[in-house]
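I opened this notebook to record what I looked up in the structure. The entries follow the order in which I took up each topic.

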Amino acid sequence: MCEEIKFSDDAFALVKRLMSRYPEGKQKSAILPILHVAQAEFGGWLSAPVMDYVASILSIQSIEVYEVASFYSMFNLKPVGKCVIEVCRTGPCWLSGAEDIVNYIGKKLNIKEGETTVDGMFTLKGVECLASCGSAPMMQVGEKYHEFLTPAKIDTILDEYRQTTSEPISHWAKNEIKVN
Amino acid sequence: MGIKLLTNNINVAGIQKLDTYQNNGGYDMFKKALSMTPDAIVEEVKKSGLRGRGGAGFPTGMKWSFLAKPEGVPRYLVCNADESEPGTFKDRYMMERIPHLLIEGMAIGSFALGCHTSYIYIRGELMYVYHILQKAIDEAYAAGFLGKNILGSGFDFDLHVHCGAGAYICGEETALIESLEGKRGNPRIKPPFPAIRGLWDCPTVVNNVETLMAVVPIIKLGGDEYAKIGIGKSTGTKLISACGHINKPGIYEIELGIPVEEFIYSDEYCGGIRNGKKLKAVVAGGSSVPVLPAELILKLANGEPRLMSYESLGEGGFATGTMMGSGGFIAMDEDTSIVKNLWTFARFYHHESCGQCSPCREGTGWMEKILHKILDGHGNISDIDLLWDIQSKIEGKTICPLGEAAAWPVASAIRHFRSEFEEYVRNPQNIIEDHHYYRLNNISQESV
């Protein structure tokens, strides 16, 4: 693939707005929001060329982007499925059966935590507390919280994603890039 | 029904929108604050006795009064909306339901502190709430509550929302500042404190969402009246995130000082333990605070009822007490494996350690591995002592409090439930079948 790495016009306008929120000379502050937008624009993960591109926009060294991207757990540094299923497994969710939820999804999709289905549709990721402890067990797909999970609910939710997902779902929703 | 200062309008239809918020008294307190002097506002917050609601419980008015004010240097108010403490979900709920209350609190706080630009740092996983806040901020600009010369007062104020990207450590205020500067979330060595050198080396105050929201009723009531609510030095109301094995998980605004027993068993709050089970243990203030067995969370060592207040929850020190923390209240029923629950916490802290300090980076990993070994039935009695030894060598030896947060759950579980660890070691075949997985009632063995 040697497609040119370039933000869409909408995304580029958004990136410029994000950068304008910080004082002159402090534009590096916008790195986390911009990496979220980049992950949404470029297939759900951050390749080295994408990070280099972000570095050039922020006028910083590539290494400054790599060290940040590798610190934060929401950034995927390897390709992932179109739907990344992030199941909370910390104490309160575990008390409500999260371990069974992870096992159920893994068995249903025939993958283990960290793996992607062969059709490239789903990646299963165990994550830490997502502030949904009162509605446990839960999982996140993109920006959406799915709560009070049961096997039946998971069946419905995954079927729906399977039928409706054509492009990767990112935390920063595509329709939130186009506003204004 | 107890007194409600933050959630009184939470169920009003459309309260997320500016017009409905205003029709219910919204932004009136910002208008009132603009007619006061900044120092008078700080004084009211001091008199209110408000303490930081994020976990540390430091007096907010005092934190504000420490802010350095050198000539010609901007200063910043940053809202810590990086709510990540396991068991805590109050800020998410409030920002989602009533975002303008946070904006109003930040506007009042920024005016009081002389900040002309402020930021809300929200954890990246709450991206949908980020967009809710952004839309609310856009509304507030359009209505003239943000921007230049607000309501003709001469006060210029810009408010921005900023998202993180998945790192518990960024809830620590200096890590949050590093992250907001576009770096890895490595906590800074203090001093200098953020009040002297914070964001971009400028004087900075970092406050939790609930703390900033509470400034609005303080302006409404006045500091003295606010301080009459609650008990002793635990003034006002507190949002408690209740979860685990209770009948009614959710967010409850309580007047500080109600008995813990009432909070757990009354229908106004948690509604008792689900499925008619008995209460075994409680983590009262988010995963970092010591776990207490039922008898110690309900009653003090002297037999008096324990109350939901900073002092009463802390009564007895770590020998028999715990902490208010963030108000993340996790109840565990009689079937819960304390060791297995602890292992999920240990894994959490290992995952979230930033890696700067060796005791934390290495110790959290060791604790996770040893607990896993015990759970798998391969533990020795000496492993329990080793766990105790490791936690004692993390506490107090790290740059930031993540070290303590990782150590305290381990120490308290061994202190109060050592016999359960020993049972795993001595009779693994008896216990592992029952406790290895906590099974959800509606998931049968066959479906998994």
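For these entries, I take contact to mean heavy atoms within 4.5 Å. I also note at the outset that this is a predicted model.

**Entry 1: a serine in a loop**

I began with A:Ser132, which is found in the loop between S2 and S3 of chain A. Is A:Ser132 buried or exposed? Buried means under 20% relative accessible area. A:Ser132 has 2% relative accessibility and therefore counts as buried.

I then looked up its surroundings. Leaving aside neighbours within four places in sequence, A:Ser132 is in contact with A:Met138, A:Tyr145 and A:Glu147, and also with B:Phe89 and B:Arg92 of chain B. With A:Glu147, the side chain of A:Ser132 makes a polar contact, side chain to side chain, at 2.5 Å.

**Entry 2: the sheet beside this loop**

I next asked in what order the strands of the sheet in chain A stand. The order is S2-S1-S3-S4; these four strands form an open sheet with mixed pairing. Strands S2 (122-127) and S4 (144-146) of chain A each have a single partner strand and stand at the edges, so one side of each is left without a neighbour in the sheet. From one strand to the next, the twist averages 25 degrees.

Helix H6 (residues 98-109) of chain A packs on the sheet and touches S1 (83-88), S2 and S3 of chain A. The direction of H6 makes about 155 degrees with that of S1(A).

I also checked the pairing of S3 (residues 139-141) with S4(A): the two run antiparallel and are joined by three bridges. A:Met139 stands opposite A:His146 in S4(A).

**Entry 3: a glycine between helices**

I located A:Gly43 in the loop between helix H2 (31-41) and helix H3 (48-58) of chain A. At 33% relative accessibility, A:Gly43 counts as partly exposed. A:Gly43 and A:Lys82 are 39 residues apart along the chain, and their C-alpha atoms are separated by 8.1 Å.

**Entry 4: the nonpolar cores**

Which residues have the most contacts inside the largest nonpolar core? They are A:Phe7, A:Tyr72, A:Trp172, B:Leu102, B:Ile120 and B:Ile122, in a core of 168 residues. Helix H18 (residues 402-426) of chain B gives the largest share of this core, ten residues. Domain 1 (9-71) and domain 2 (83-164) of chain A both give residues to this core, so it lies between them.

Not counting residues up to four places away in sequence, B:Leu102 touches several residues, including B:Cys79, B:Met95, B:Ile120 and B:Leu133.

Notes. Residues are numbered from 1 along each chain as its sequence is written. Chains are lettered from A and ligands numbered from 1 in the order in which they are written. This is a predicted model: local features need pLDDT of at least 70, side-chain atom pairs count only at pLDDT 80 or more; totals for chains, interfaces and linings use all residues. Side-chain values use heavy atoms; hydrogens and water are left out. Two strands pair if DSSP finds at least two bridges between them. Axes are lines fitted to C-alpha atoms, for helices over the stretch in contact, and angles run from 0 to 180 degrees between N-to-C directions. Buried means under 20% relative accessible area, exposed over 50%, partly exposed in between (1.4 Å probe, protein chains only). A polar contact is a pair of N or O atoms within 3.5 Å; within protein, one must be able to donate a hydrogen and the other to accept it, and residues adjacent in sequence count only if both atoms are side-chain atoms. A nonpolar core is a set of buried Ala, Val, Leu, Ile, Met, Phe, Trp, Tyr and Cys residues joined through side-chain atoms within 4.5 Å. Domain bounds come from an automatic or database domain assignment.
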